[in-house]
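Trainee: I would like to go through this model with you. Could we begin with the pocket?

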Amino acid sequence: MRSTFCALVLTLIVASPSGEARVIPDPSQKPAPGNEARQTPLRRANYSPAVNYQLQCLGCHLTNGEGSPRHDIPMMKGFVGNFLKVEGGREFLMRVPGASLSALSNQQLAELLNWMLQDDGIAGGSAPKDFKPYTGKEVAAYRNVMIKDLPGYRSSLIEQIRDLGIDIPDDVIP
Ligand code: HEC
């Protein structure tokens with residue numbers, strides 16, 4: 001009885017006019033003139049870290065990593081390098097979802113983080129002086145290790161940074 005009812009509901013949904021109105025890709029549709037070439041996947045495009053940042057990160061983190069604290073996007077500008085000074089912080093920067101789930105290859109993500117952490121980059125001198133650049137191999141080893149309690153993990157890192165006597169600006173979202 002129940003399965004008959006389900007089948008009936010399903011038939012109605014499939015046959016309903018709104019069902020028909022769904023967009024079904026037209027197999028004979030051609031690309032717009034001049035747009036025939038297939039797009040190169042980002043991980044195979046040879047863009048610079050700065051361009052990759054624009055394409056994959058800037059939408060949330062804004063041009064210079066200033067972020068948008070009122071939308072819960074922390075400011076990275078002049079601060080993000082401090083994460084490298086505490087235990088678990090180096091891994092955190094590879095594992096944070098915006099970075100780990102991006103369309104970038106491991107090598108591209110390593111280069112992008114290194115670019116961000118330069119003294120004249122987003123980190124603005126906040127990275128330790130003996131900072132060892134990330135490698136693609138290192139990113140491969142850590143990026144897929146999911147952070148189970150992201151807010152808790154992040155705030156424990158912020159507390160460790162505070163314990164070093166480093167000021168935590170409000171925009172970093174302590
Ligand atoms: C959809 C929005 C979004 C995008 C896109 C995004 N991020 Fe983030 N990012 C966040 C948020 C929110 C946080 C704070 C931690 C969290 O909740 O994930 C964060 C935190 C970070 C942090 C740690 C700094 C901190 O204070 O927590 C780094 C490093 C980072 N992102 C790098 C990147 C990189 C690199 C990219 C691009 C490849 C990127 N993010 C794309 C939203 C984003």
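Trainee: Which residues lie nearest the centre of the largest pocket?

Mentor: His61, Pro74, Met76, Val96 and Gly98 lie nearest its centre, among 26 lining residues. A pocket is an open set of points on a 1 Å grid over the protein atoms alone, where a 1.4 Å probe fits, with protein on both sides within 12 Å along at least five of seven lines; lining residues have an atom within 4 Å of a point. This is a predicted model: local features need pLDDT of at least 70, side-chain atom pairs count only at pLDDT 80 or more, and totals for chains, interfaces and linings use all residues. Residues are numbered from 1 along each chain as its sequence is written, and side-chain values use heavy atoms, without hydrogens and water.

Trainee: Which element gives the most to that lining?

Mentor: Helix α7 does, with four residues. Helices here are DSSP runs (H or I, at least four residues), numbered from the N terminus.

Trainee: What about His61, which protein atom is the donor of the iron atom of the ligand?

Mentor: NE2 of His61 is the only protein donor, at 2.0 Å. Donors are N, O and S atoms within 2.8 Å of the metal (3.2 Å for Na, K and Ca); water is not among the atoms, so sites may look incomplete. His61 belongs to helix α4.

Trainee: Back to α7: at what angle does α3 pack with α7?

Mentor: At about 100 degrees, with the axes of α3 (residues 49-56) and α7 (residues 106-117) 9 Å apart. That makes the two helices roughly perpendicular, a term for angles of 65 to 115 degrees. Axes are lines fitted to C-alpha atoms over the stretch in contact, and angles run from 0 to 180 degrees between N-to-C directions.

Technical notes. Parallel < 35°, antiparallel > 145°, perpendicular 65-115°, else oblique.
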